[in-house]
Amino acid sequence: MSEPLYLAPRLESRLAALLDSPAFLHSLVTALGTPLNVVLPDQIADNVRRFQEVYARHRLAGRISFAHKANRSSALVRRLAAVAPARPGAGTAAVGIDVASLGELQHALGAGFTPERITATGPKDPAFLWLAARTGVTVCVDSPAELTALARLVERHSLPRTAVMPRLAEFAASSGFSPSGIRTLARRSRFGTPSDEAGALLDLAEKHRDSIELTGVSYHLDTMAVSEKAAALETSVKVLDECRRRGLRPRAVDIGGGFGVDYLADGAQWETYTTELTRALLGRRAPLTWEGHGYGLRAENGTLRGALGVYPGHRPVAGPRYLDELLAQTAPSLGRPLATLLLENLYDLDTEPGRALADQCGITLAQVLEVREAAGGELLVRLGANARDVGLEDHGLLVDPVLVSRRKRPSDGNGPAAAYLLGNLCLESDLISRRLVFLPRAPRPGDLLAFVNTAGYFMDFTADHAMRQPIARKVAAYRADGAADWNWCLDEQYWPHLGAGEDTGEDAGEGIGTDLGGAL
């Protein structure tokens, strides 16, 4: 076999400690089977504090709201609800949650979030709007029609005055609020109102000021470009200034999410793999993918066509670092750092990280059921899970799983193994990995593959009961204060007090090893 092409996952201390507890992981699988999702509630609390540090560094106030749609977990949401709210004032940020459905709103309320800490986004039916207005959460309205529907619902049912934040989109150069002479974003979105139509939203806010209170504006862009988000934030500040001129009293701009995650431990591995993938597609080396799958690339007459449609697995500027960089950007036409622009106008900054707050918050375990050798010498490894349980490739993420041995074994000297990972559905298309995955050794039935950092969109976003296969159960793993041993409970049975000295688990035993390969 040629030199293995590892894409080792980035592991922080808590997640690395979990993977270094193979007896504990195997005991969970013995009890609950696979696929199995394991979440780390205490990690999400650490992640939100890192975002709070960025706010403090720029002396900004506002709210950091977890985008609930990233994960269905009760444990993560309950732990986040228990994070102490920041003290009012510059350089502090409260902790909230962004809900995008009626069910998510009900879940957030039941998990301990009070209404003033909740923002309602996404498509909204009348029931969602009614409960949002009834409980007093802030509503990000997508359009003039939605704002009008909300105002009429409030009036018809004599509900309290509802806080709203109109969502802006498509920051086109024709917008009256766009920076003069500067090329700005013209990205289409199914959500929000184009920035050049913001005036109509403000007209409605004035008309219905007895039933709604405009507390700011929001936007969410499907882009990684800091410059585009900087232009949108400056535009939003100009819209807030127009609100003030109309006698409205806005307080905040909500810039949504999209802060990203750095999934890979080694950027050089990422560069090497993508280079070798293009060589393989051009026939200049042995194949690296199933049936020549190109992830958006294809070879035509010796030339590479298309574009690589994968998530940039190595993103050193991601999460809180991305927010820090954005706030340091100079406003395109106003010529001052964006953080300074917000401070000068006494505007709060609201954010809605989903993937970034779920970073390092969980793994998905799949048991090895069968290992056989294909004609080309590579291994075919069938797992007790399917591609819908582990949605990495559906979202374009290429990262290696961690091999967790069933029992300690001396090194057998066979070295790395290349394998395709097959799912448990009776479908040719059910490949958990369309690329050859390089493992530190050949797995054996009974071993586990741990797919790392799956809590943000990869655990249960696409899972279903296809062919009556079970979907993953979910557990919360935690360690009591000062304890070395892991405890666990079913996700829906976790409450934050369990991490504060409670001990409901038992020693899982010894005699099992973990093969991290290139991961550590």
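**Group meeting: cavity, pocket and a helix pair**

L392, E393, L397, L398, V399, P401, L421, I432, S433, R435, V437 and F451 line the largest cavity. This is a predicted model, so to speak of local features we need pLDDT of at least 70, and side-chain atom pairs count only at pLDDT 80 or more, while totals for chains, interfaces and linings use all residues. Residues are numbered from 1 along each chain, and side-chain values use heavy atoms, without hydrogens and water.

Terms next. On a 1 Å grid over the protein atoms alone, a cavity is a set of points where a 1.4 Å probe fits but cannot get out; a pocket is an open set with protein on both sides within 12 Å along at least five of seven lines; lining residues have an atom within 4 Å of a point.

The largest cavity has a volume of about 80 Å³. Its lining divides into 9 nonpolar, 1 polar and 2 charged residues. Nonpolar means Ala, Val, Leu, Ile, Met, Phe, Trp, Tyr, Cys and Pro; charged means Asp, Glu, Lys and Arg; the others, Gly among them, are polar.

Now the largest pocket. It holds about 960 Å³ of space. Of its 36 lining residues, K69, H220, D222, G258 and Y457 are the closest to its centre. By class, the lining has 14 nonpolar, 11 polar and 11 charged residues.

Last, two helices. α5 (residues 102–111) and α6 (residues 126–135) pack at about 30°, axes 9 Å apart. That makes α5 roughly parallel to α6, the term for angles under 35 degrees. Their contact, meaning heavy atoms within 4.5 Å, includes L105 of α5 and F128 of α6.

Conventions: Points joined across faces, edges and corners; volume = space filled by probe spheres on them. Axes fitted to C-alpha atoms, helices over the stretch in contact; angles between N-to-C directions. Helix = DSSP H or I, 4+ residues; strand = E, 2+ residues; numbered from the N terminus. Parallel < 35°, antiparallel > 145°, perpendicular 65-115°, else oblique.
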